[in-house]
Amino acid sequence: MSDKTAVNLTGVKESKGVWLVKVPKYLSQQWDKAADKGEVGKITIGKKQGKTEVRFSLNEELTARGAVGETDASLQVPRDHPFTMHTVGGQTMAVFSQSEADEISLEGMVVHRAECRPVVNDNYMKLKKLQLKESTKPQRLSQQLERAVTTIFKPVANHDFNLEHERKKKSEGKMVRVERQLVLDMLFSAFEKHQYYNIKDLVDITKQPVTYLKEIMRDIGMYNSKGAHKSTWELKPEYRHYQSAEEEEMQTA
Amino acid sequence: MTSLGSSSSSSTEYTVRVPKNTSKKYNIMAFNAGDRVNCSTWTQARMERDMSARRIYGEEESAEGAAGSEFGKKQREEARRKKFGIVTREFKVEDQPWILKVNGKAGKRFKGLKKGGVTENASYYIFTQCPDGAFEAFPVHGWYNFTPQAKHRTLTAEEAEEEWGRRNKVVNHFSIMLQRRLREQERGCEDDEDENEKSGKKKKKGGGRGGDLRIHDLEDDLEMSSDDSDSSMGDDGESKTKTKKDTGKGKAKKKKRKSSDKEALEDSDDGDYEGLEVDYMSDESSSDEEPEKGKPSKAEEHPKGIDEASESEEESEEEKQNEEETKEEEEEEEGKKTPVQVEKKKKKDSSGESESSDDSDIEGGTASALFMKKRTPPKRGGRGSAGSSRTGSRPGTPSIDSATTSNTLRAAASKLEQGKRQTQGPSTDSPAAKRLKMEPSTQSPAPSGKSTPQPPSGKSTPSSSDVQLTEEAVRRYLIRKPMTTKDLLKKFQTKRTGLSSEQTVNVLAQILKRLNPERKNVNDKMHFYLTE
């Protein structure tokens with residue numbers, strides 16, 4: 001990921017100023033429910049007694065806490081939200097956006113910070129109480145059962161797993177020894193993929209009895225009892241020809 | 001943007017839209033006000049994720065394919081981790097820091113670290129005003145704090161600790177980075193002489209500034225200096241800049257700070273010098289032994305002789321080292337002898353029998369300093385020169401001195417040899433036989449060949465390196481400097497002369513009677529001397 005994306009600086013060049021507004025969670029949740037057009041409310045900016053006042057009022061249809069379209073009388077999100085405005089004193093903030101194609105562009109500079117505050121009334125208090133109750137509920141719960149669970153840990157004549165195992169054995173039968181050359185071919189192709197193998201894995205791959213396989217391995221390979229690849233088998237040096245990555249050639253005796 | 005209402009009391013309404021298309025993710029790029037970042041001055045900028053943490057997190061195995069890989073290794077590793085409950089945090093690209101480069105290569109660099117917990121309890125929205133007057137609100141996805149990255153060199157942690165230790169002494173802080181750069185250069189091109197010359201030149205320039213820094217090192221030579229190069233550079237620097245003003249200033253400041261320096265020194269470990277063996281702290285040792293002697297009462301000189309013998313064993317270790325050095329310069333046979341003589345001379349010097357006590361103090365002091373530095377033998381010019389200068393024992397004296405002194409000593413030895421053969425021809429056959437064992441090559445023809453009287457001043461003939469207890473030798477010693485009987489005995493050690501301690505004592509007594517030297521009392525000790 002060493003590609004450096006050139007930042008599109010048009011936003012900054014035009015000195016586009018933006019507002020950074022902190023919005024309460026419940027409000028943003030309501031906004032998420034907005035219709036496609038995306039209209040959520042209205043902002044009124046006015047001057048009262050020389051002070052700039054900014055208010056936001058939520059749209060009617062978004063006040064319900066339930067699904068959109070319902071006006072649940074019980075709980076309603078407050079509509080009126082005055083903004084508290086601050087200037088950006090100690091920080092220079094810019095806004096950059098990242099598109100899906102990893103294109104970065106600088107959208108603008110933050111000129112004002114604002115906090116969206118609800119008007120505190122009974123309705124709001126009720127809402128907050130509900131929120132609090134929800135958040136204090138523990139995520140995990142211990143329940144007491146009326147009756148003991150009797151479906152598991154019953155004594156069984158033969159466990160399911162064992163039964164399956166025996167069935168498998170019967171169907172597949174004992175592992176038959178095939179021609180030595182065939183086994184060698186299988187082994188060599190396996191060792192082409194990886195250098196170190198456990199004997200169990202080899203048995204799995206070749207489907208040969210362990211003794212037979214060990215005999216063959218003793219012939220063409222060696223056992224690592226110590227070191228990084230413990231208790232693994234690998235081919236003898238004269239049989240292997242590993243290059244750093246892909247292609248290798250195995251040479252038979 | 002902050003459009004107010006047109007009239008004083010009226011207000012304007014704008015609709016707020018939250019666009020639903022979420023193709024673009026908005027983030028905040030926050031700078032510190034102190035950095036005075038002005039985005040409008042940027043001509044071009046590049047930004048990318050800092051992926052350096054990936055290899056720490058990734059822990060990718062080296063071999064994915066055949067060589068070196070194991071069958072089912074990954075699964076096994078995973079199972080193992082689960083068993084031990086090792087939870088490795090995922091490497092999330094989203095959380096990686098940004099690297100922002102402004103105005104190309106020569107411009108500024110910023111690193112943007114993600115600020116956590118921004119979107120947890122409250123959501124941030126960016127309100128922008130559209131041309132139609134409505135506001136559009138975009139949710140903020142992440143917050144990154146961008147800090148400028150230093151392009152200048154900084155000290156590493158170890159170096160910073162070093163400098164912290166020297167904070168009381170270092171006056172010139174500009175030289176710290178300069179020295180570091182020089183050090184790096186030296187390390188980088190060791191066999192490149194040009195570089196060294198360059199650094200040498202720089203030393204001259206920087207020596208002026210670094211001079212006061214270096215002086216501190218020299219004065220605190222007992223302190224453990226981690227950089228030997230510093231001290232060596234310091235020597236050069238000091239010598240070069242002695243006349244410059246800076247060093248004067250530095251010295252003055254250093255003197256002012258002496259008290260604080262002492263405090264700083266006390267901070268260092270106390271037990272550093274405890275276990276070090278210090279040899280020959282001058283006057284005291286010999287003064288203890290002198291009252292025993294008094295007059296040349298030979299009977300009591302037995303234990304003395306043995307003591308000296310034991311002392312000589314201590315010396316022999318030093319001698320061996322000197323031997324190794326001198327073998328390069330001298331022939332082997334003489335190499336064995338002259339360092340012995342040199343050692344003896346040195347011991348004689350340092351044991352305090354001297355005209356001026358200052359010299360001996362210096363001797364003792366430097367000797368102790370020498371021995372504190374334990375085995376730095378190559379530099380140790382432990383050659384008390386045959387001449388009157390005692391400078392040979394100072395460290396840093398090149399070993400060239402040793403060659404010249406050894407030449408004269410060789411001559412002296414040869415003189416002794418001839419003198420001895422003249423006076424004690426037959427009586428020294430047995431010791432000669434003993435000496436034969438030590439130096440068979442030169443000795444065998446010598447006694448017979450040189451029994452013919454030769455002038456004692458034959459300096460050219462290389463002789464055996466035995467020290468003969470002859471009147472000539474004693475006379476020479478006493479002419480050169482006043483000596484006590486103990487010192488004389490030290491000169492003619494039993495090992496070297498082949499005589500037993502009793503014999504040495506007797507012979508020496510006879511010689512002294514014959515010579516009848518003048519006596520002088522120095523430091524309550526009887527010294528003999530001759531004037532020629």
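This is a predicted model: local features need pLDDT of at least 70, side-chain atom pairs count only at pLDDT 80 or more; totals for chains, interfaces and linings use all residues.
Q: How is the size of an interface expressed, and what area is buried between chain B and chain A?

A: The size of an interface is often given as the accessible area lost when the parts come together. In this structure, the area buried between chain B and chain A is about 6100 Å², and carbon and sulfur atoms give 59% of this area. Three residues, B:Lys20, B:Phe71 and B:Phe127, supply 11% of the area that chain B buries against chain A, which is more than any other three residues.

Q: How many residues of each chain are in contact?

A: On one side there are 69 residues of chain B, and these are in contact with 76 residues of chain A.

Q: Which polar and charged pairs does the rule find across the interface?

A: Side chains of opposite charge can pair when their charged atoms come close. Across the interface of chain B and chain A, the rule finds one salt bridge. The partners are B:Lys24 and A:Glu107, whose closest N and O atoms are 3.0 Å apart.

Q: Which elements of chain B give two or more residues to the side that touches chain A?

A: The elements are strands of chain B: E1 (11–17), E2 (25–32), E3 (45–49), E4 (98–102), E6 (122–129) and E7 (135–148). Strand E2(B) gives the most, with eight residues. By residue type, the side of chain B that touches chain A divides into 32 nonpolar, 24 polar and 13 charged residues.

Q: Is strand E6 of chain A mostly covered or mostly uncovered?

A: Strand E6 (residues 91–98) of chain A is mostly covered, since seven of its eight residues are buried; buried here means under 20% relative accessible area.

Q: What does E6(A) form with E7(A)?

A: E6(A) and strand E7 (residues 104–116) of chain A pair in the antiparallel sense over five bridges. Within this pairing, A:Ala94 stands opposite A:Met109 in E7(A). The two strands form a hairpin with five residues between them, and A:Asp102 in the turn has a positive phi of about 60 degrees.

Q: How many salt bridges does the rule count over all chains, and what can a salt bridge within one chain show?

A: The count comes to 19 salt bridges over all chains. One of them joins the side chains of B:Arg17 and B:Glu136, at 3.6 Å from N to O. B:Arg17 lies in strand E1 of chain B and B:Glu136 in strand E7 of chain B, so this pair ties together parts that are 119 residues apart in sequence. Both B:Arg17 and B:Glu136 are buried.

Q: Where do B:Glu77 and B:Arg80 lie?

A: B:Glu77 and B:Arg80 both lie in helix H2 (residues 73–84) of chain B, three residues apart, or about one turn of the helix. They form a salt bridge whose closest N and O atoms are 3.6 Å apart. B:Glu77 counts as partly exposed because its relative accessibility is 23%, and B:Arg80 is partly exposed with a relative accessible area of 43%.

Q: Which residues are joined into one network by salt bridges that share partners?

A: The network joins A:Lys48, A:Glu53, A:Arg55 and A:Asp80. Within this group, A:Glu53 forms a salt bridge with A:Arg55, with the closest N and O atoms 3.3 Å apart. A:Glu53 counts as partly exposed at 29% relative accessibility, and A:Arg55 counts as partly exposed at 27%.

Note on methods:
Residues are numbered from 1 along each chain as its sequence is written. Chains are lettered from A and ligands numbered from 1 in the order in which they are written. Side-chain values use heavy atoms; hydrogens and water are left out. Contact means heavy atoms within 4.5 Å. Buried area is the accessible area (1.4 Å probe) that two parts lose on being put together, summed over both. A salt bridge is a side-chain nitrogen of Lys or Arg within 4 Å of a carboxyl oxygen of Asp or Glu. Helices (H or I, at least four residues) and strands (E, at least two) are DSSP runs, numbered from the N terminus. Ala, Val, Leu, Ile, Met, Phe, Trp, Tyr, Cys and Pro count as nonpolar, Asp, Glu, Lys and Arg as charged, and the others, Gly among them, as polar. Buried means under 20% relative accessible area, exposed over 50%, partly exposed in between (1.4 Å probe, protein chains only). Two strands pair if DSSP finds at least two bridges between them.
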